[in-house]
Amino acid sequence: MRYRGPLVGVLVGVLLTAAYWFLLYQPRADEQAALQSETAELSAQQQQLRNDITALEEVQANEVEIRQALARLEAYIPSGLAQPSAIREFQQSADAAGVEITSVTFTEPEVVEEAPETGEENTALVAIPVTMVVEGGYFQAVDFFRRLEVQGLRAVLVDSVAIAEGEDEFPSLATTWSGQLFAVVAVPPEPAVTASPAPSPAQAGP
Amino acid sequence: MSTVRVNLLPPEVEQRRRARRATFITAAALGAWLLVLALLYVLKLGDVAEARRERDQARAEVTRLQAQLDALEPFARLARQVEARNEVLAAAMATEVSWSRVLNDLSLTFPPNSSLLTLSATRAADDEAGQQTETGAVGAEGAIAAVEFSGYSVERYAPGVEVVLLRFDEVRGLFSSYLVTAAKELRGETEVTNFNGSVQLGEEAYTGRYAEGLPLVEGLQ
């Protein structure tokens, strides 16, 4: 009976400590951990935002050059079929190289499957198949291809080349090439997929 | 002179006194312990308040940075446009072959005692994924285009036609030349050896010019 008081005291102390721990201290500790975790996430977010801002400020500082680059990109692959400018470029290249364009044939543009996104909504990359025959000497034809490849503004992908004796006989050659031009054109938006409505009881069969 | 203290009170009184003392000490210890716990709790509340203040500051900073980023949105759109166009250009022109270089190299390598009459080169078709397939010719692994040719040499089969085949393989990108037929022929008043065959064009003929889109915008985010 002599130690009843201290024993009861210790027991009460243990009980109070447990209650304190679970009801007061631990919730606050959890709250602190959650706040610190949230702060850490926000700090990471801040760093990401700062990186993005730095990159965009760089874009802003180089806006003129970047818009020029975009203009060049849009010249390589224009928005719209832009056949007139392509024909002008072919003619200029042929004149500069010293060959004569005998014929040029465009067939229907085709959407390039698996092409990357164009960056503009409801547009797609299309290939415009083209076949051309030019008459001229061998080195003139070579120069014509060089101009198409490196001097032209429009991107031209030459798929096949055939060289044979021309109508004016050697050294005049008929060079036939076929390839593709590219363009970004508007395409109809994909129809939204809607679930077919469930038949009403009146429509349902017997 | 020593004194002897004699407690004449009943022993129960002393026991009660000791019990009261123990109870008092226990209560004091318990109270002190509760004070310690309260102090710890107050400290913890301070830590929580500090953590909340830091969180609020970080949140405010994020809001400020987000507003700054939003103000730069037109430039983000510009960067996305350039990036997308670069990717489109790179994809479209991935299989570009420099035919001018191939034809020029061929002219520089071709033997002067021979002449080509026809030359036809066709790039192998792209597969469903847009990747170019090979020509499929025997001994032409890695070929991206088949080149068919015909011509003549004023020399005989050897060294005339032999050198033509050897020279084809010396042209950068061309390999695996293959003679189909060769025959004597009278061309004007000159006896020549005509020939026709094929040669393969390898992957090194790709220009790779557009691999990163336009060189000027390389390194954009």
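I take helices (H or I, at least four residues) and strands (E, at least two) as DSSP runs, numbered from the N terminus. This is a predicted model, so I note that local features need pLDDT of at least 70 and side-chain atom pairs count only at pLDDT 80 or more, while totals for chains, interfaces and linings use all residues. Residues are numbered from 1 along each chain as its sequence is written, chains are lettered from A and ligands numbered from 1 in the order in which they are written, and side-chain values use heavy atoms, with hydrogens and water left out.

**Entry: the cavity.** I searched the whole structure and found 1 cavity of 30 Å³ or more. On a 1 Å grid over the protein atoms alone, a cavity is a set of points where a 1.4 Å probe fits but cannot get out; a pocket is an open set with protein on both sides within 12 Å along at least five of seven lines, and lining residues have an atom within 4 Å of a point. Grid points are joined across faces, edges and corners, and a volume is the space filled by probe spheres set on the points. The largest cavity comes to about 60 Å³. Which elements of chain B each supply at least two residues of its lining? I find helix H3 (99-109) and strand E1 (114-123), with H3(B) giving the largest share, 4 residues. Among the lining residues are A:Val161, B:Trp99 and B:Leu119. The lining has 9 nonpolar residues, no polar and no charged; here Ala, Val, Leu, Ile, Met, Phe, Trp, Tyr, Cys and Pro count as nonpolar, Asp, Glu, Lys and Arg as charged, and the others, Gly among them, as polar.

**Entry: the second largest pocket.** I get about 350 Å³ of space here. Its lining has 17 residues, and A:Tyr138, A:Phe170, B:Ser107, B:Ser115 and B:Leu116 lie nearest its centre. Helix H4 (138-151) of chain A, together with H3 and E1 of chain B, are the elements giving two or more residues. E1(B) provides the largest share, 6 residues. By class I note 12 nonpolar, 5 polar and no charged residues.

Entry: I next looked at chain B, where E3 (residues 174-187) and E4 (residues 190-202) run antiparallel, joined by 11 bridges; strands pair if DSSP finds at least two bridges between them. B:Arg187 stands opposite B:Thr190. With 2 residues between the strands, B:Gly188 takes a positive phi near 65 degrees.
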